[in-house]
Amino acid sequence: MSASVDLKKRQYPGVEDVEDPPVAKKRSGEQGILQEKRHTAALILARGGSKGIPLKNIKMLAGVPLIGWVLRAAIESEVFDSVWVSTDHDEIEKVAKAWGARVHRRSPEVSKDATSSLETIQEFARLNPEVEVICNIQATSPCLHPHHLKEALSMITHQGYESVFSVVRRHHFRWKEVKKGGGDCTEPLNLNPAKRPRRQDWAGELVENGSFYFATRQLIENDLLQGGKIAYFEMLPEYSVDIDVDIDWPVAEQRVLRFGYFGKDKLEEMKLLLCTVSGCLTDGQVYVSATGEEMVSINTRDETGIRMLQNENVEDSDSFIKISSLNFELYLPEKVILLSSSASPMPEALLERLANRMGCGWKQDMGFSQVQDLLDSKNLAWKDVAYMGTDEEDVRCLNLAGLSGVPQDAPKVALTATKYVCNSRSGHGAVREFAEHILLLLKKAKSKMEQDRIRRDLF
């Protein structure tokens, strides 16, 4: 929902219909409208000197760095030509790059406590003259979704607005502030006390929720983030989470688990994780002793990740494990199965020892056809499976699996086939990271199911 106003004509917001902009052109012999292309950039401001919570922008929120929530939404909206983080801190820079953003290393002049957001955005605009539309996204709005950004940007690209910002509808009665001891009486600002409206009889008021601000370069150069032909984009209250203002960390985590954007992955139907050992659980190296004994090195973090999956929300019941959050059953002990691929075989005794150490199943010499036979024997479809691999022989499995992951240092052929790329390298925590990603999606599914049981109409 949106409304518009030309601030050159009015000083107070109102509603006004605006025709499509003159830049919209129809090509001869073609149907429809063709918009002139303008470079649109997303820009997240993330200074390292937070006074309330040190390095708040990269503090973990529900398993993800705070800034990661908005970076994921911006990147997967697929409407930006570039996505940037403006920062003055090394650790924030590392996190931003790990989540796929480019980094604008801001100058000391715009890194002070008194520096305004507009000043920082103007510096970014000066250094990136190709950018014509900037979307300033607040890192403290973790419930932002890609569709919010898509719909808001379309108001600029297809309806001719010069600035669009996010708002939320609030039902708050406001009163005039008076100084203590002054003797003045307060006055109502937006209601008649003699006729107090019921919530359902009052539309409420629109207030900025701080989630994002789109503006053209011309406005920014004229010291404005909101101006010209201006429109608001209304977000529902459940998505209007601002950690800077009205919410603390534990409450924010609950809100994010219910309403946050977890990416394109859907895990409600996952019933099994298949993980190749060589190149995922290990770094691909095999050590041979003087006596000919073969050894591999594993990371205890990865081992813990597999055990976390094995023990997540389970109830023993005779011959099976029931995962209460997803309502499906798995026969013991194969909630996780370690695979030795046919291209990188591993001695049976060594594979069995690894699996026993981690309390999971194992299969040897597994190519695509053998994996397919395994799923058929368990009456599982590919959408029910999470798969972690690392090389060319894993590509078909990575493509078909409902959820797939690869280590950061996987070959390009695997990187382009997967749905999730870990920030960690093979043998150095990648399996743990993928396991945590799975658990986070499981937790979201459980939270959604619990919330959906609430009958809001009874309150």
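1. In this predicted model, six strands make up an open sheet whose order is E18-E17-E11-E19-E20-E21, with parallel pairing; two strands are taken to pair if DSSP finds at least two bridges between them. Strand E18 (361–366) and strand E21 (420–421) are at the edges with a single partner strand each, so one side of each has no neighbour in the sheet. Helices (H or I, at least four residues) and strands (E, at least two) are DSSP runs, numbered from the N terminus.

2. Within this sheet, strand E11 (residues 272–276) runs parallel to strand E19 (residues 385–388), and four bridges join them; Leu-274 has Tyr-387 in E19 as its bridge partner.

3. Two helices lie across parts of the sheet. Helix H9 (residues 348–358) lies across strand E17 (336–341) and E18, at about 150° to E18, while helix H10 (residues 368–377) lies across E11, E17, E18 and E19, at about 145° to E18. The axes behind these angles are lines fitted to C-alpha atoms, for helices over the stretch in contact, and the angles run from 0 to 180 degrees between N-to-C directions; contact means heavy atoms within 4.5 Å.

4. Helix H10 deserves a separate look. Its buried residues are Phe-368, Val-371, Leu-374 and Leu-375, where buried means under 20% relative accessible area, exposed over 50%, and partly exposed in between (1.4 Å probe, protein chains only). These residues are on the same side of H10 because they cover an arc of only 120° around the axis, the arc being that of the directions from the helix axis to the C-beta atoms. They pack against E11, E17, E18, E19 and helix H11 (395–400), whereas Asp-373 and Ser-377, on the other side of H10, are exposed. Just after H10, Asn-379 has a positive phi of about 60°.

5. Elsewhere, strand E5 (residues 82–87) pairs with strand E6 (residues 102–105) in the parallel sense over four bridges, and Trp-84 stands opposite Arg-102 in E6. Together with helix H2 (residues 90–98), E5 and E6 make a right-handed β-α-β unit; right-handed here means that, with the strands pointing away from the viewer, the path from the first strand over the helix to the second runs clockwise.

6. For the protein chain as a whole, there are 13 helices and 21 strands, and 47% of its 459 residues count as buried.

7. On conventions, residues are numbered from 1 along each chain as its sequence is written, and side-chain values use heavy atoms, with hydrogens and water left out. Because this is a predicted model, local features need pLDDT of at least 70 and side-chain atom pairs count only at pLDDT 80 or more, whereas totals for chains, interfaces and linings use all residues.
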